[in-house]
Amino acid sequence: MSGKDELVGIRTAALGKVQAAESSAQLDEIDTQYLGRKGELTLQLRRIGSLSQDERKDFGQSVNDIKAELSEAIAQRRQALDAGESKAKLAAEAVDVTLPGRFYQTGRPHILIETIEKIKRIFIGLGYEFVETPEIEDYKYNFEALNYPPEHPAMDEQMSFYINDDVLLRTHTTAYQHRVMPYRKPPMRVATIGKTYRYENVDATHGHTFHQVDCFAIDHDISLTDLKGTIQQFAVEMFGMDVNVRFRPDFFPFVEPGAEFAVTCFLCKGEGCGVCKGSGWLELGGAGLIHPNILEKAGIDSEEYTGFAFGFGIERMPMLEHGIKDLRLFMENDLRFLRQL
Ligand code: DAH
């Protein structure tokens with residue numbers, strides 16, 4: 001084959017490959033194969049020495065023309081591929097603004113946590129300091145220090161989860177009183193909020209695990225009026241309306257006098273409805289003036305100081321407010337329940 005024919009063959013093959021190339025990496029390979037230092041066209045130039053004087057110029061010119069043509073073809077193909085690639089990229093990244101949005105599910109505090117936070121905010125606003133004390137509690141704090149007589153039925157194993165003879169799951173948050181009182185000097189206003197446990201037969205209104213808040217205040221001249229005013233102020237802020245507070249005598253070993261207290265039903269505003277069973281009152285918890293024995297045990301002179309204390313359950317409030325009929329729902333984490341609130 002003459003040099004010229006060979007050149008034509010190389011040209012046709014090279015241009016064909018350029019057109020068939022699908023990526024710029026393939027174009028790089030073609031570039032090296034033909035135009036590189038050891039490329040096929042570059043090697044053709046080396047043949048010039050073996051040609052006659054007449055042929056040389058013509059042959060050299062042809063090789064250079066083909067090199068230029070091939071370079072140009074590679075550049076053009078590269079441009080076309082780049083344009084195609086970025087078009088494909090744009091198409092892949094295109095946003096269809098007419099599609100409906102995605103629904104992101106966000107978490108939110110549990111209804112009990114919300115209730116607890118609200119109660120806390122109100123009492124903090126009234127000057128109470130919240131403390132945390134153990135849920136696994138010493139018998140002595142849960143009962144003994146609270147003036148329970150030795151044979152009191154609340155201490156019966158039927159009512160409490162004992163871990164051993166001296167340790168149990170606290171049956172009420174009042175157990176914190178003697179973890180705090182002896183270590184402070186009056187005046188004091190302290191509160192706690194958290195889980196309590198009782199060995200109960202579980203049903204819609206009785207749970208083995210529930211939440212309570214417990215508050216006490218000790219100062220000079222504290223009286224039942226202060227207790228009533230405090231509960232009333234709490235209820236006003238909690239239920240967002242004017243409420244009355246009703247005391248009825250009740251017995252708790254750590255208060256004297258002791259009372260159960262109720263507030264005006266926030267659903268019917270005292271008119272009487274299904275929730276308050278027509279009475280107009282909602283019973284919330286227990287209260288009283290701190291028993292002098294308790295103060296003395298904490299090293300506080302009961303001649304000089306008096307105090308009040310009260311405590312109530314938390315679950316009842318969201319139950320009444322949202323018409324929740326079963327206490328167990330709070331602890332079961334059933335999404336069908338949680339999503340409704
Ligand atoms: N601890 C009591 C209970 O669980 C409630 C209670 C009554 C708390 C009187 C008090 C109080 O602080 O003074 O039933």
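A polar contact is a pair of N or O atoms within 3.5 Å; within protein, one must be able to donate a hydrogen and the other to accept it, and residues adjacent in sequence count only if both atoms are side-chain atoms. A backbone N or O atom of Phe310 lies 3.3 Å from an oxygen atom of the ligand. The model is predicted: local features need pLDDT of at least 70, side-chain atom pairs count only at pLDDT 80 or more, and totals for chains, interfaces and linings use all residues. Residues are numbered from 1 along each chain as its sequence is written, and side-chain values use heavy atoms, with hydrogens and water left out.

**Ligand contacts**

- The side chain of His172 has an N or O atom 2.9 Å from a nitrogen atom of the ligand.
- A polar backbone atom of Ala309 is 3.1 Å from an oxygen atom of the ligand.
- Of the 350 Å² of accessible area that the ligand has on its own, the protein covers 90% (Shrake-Rupley method, 1.4 Å probe).

**Shell around the ligand**

- The ligand is surrounded by 14 residues, each with a heavy atom within 4 Å of it.
- The closest are His172, Thr174, Arg198, Gln212 and Ala309.
- Strands E6 (209-219), E9 (281-290) and E10 (306-313) each give two or more residues to this shell; strands are DSSP runs of at least two residues, numbered from the N terminus.

**A three-stranded sheet**

- Three strands form an open sheet in the order E2-E4-E3, with antiparallel pairing; two strands pair if DSSP finds at least two bridges between them.
- Strand E2 (136-138) and strand E3 (162-164) are the edge strands.
- E2 is joined to strand E4 (residues 167-169) by three bridges, and Glu137 has Leu168 in E4 as its bridge partner.

How values were computed
Helix = DSSP H or I, 4+ residues; strand = E, 2+ residues; numbered from the N terminus.
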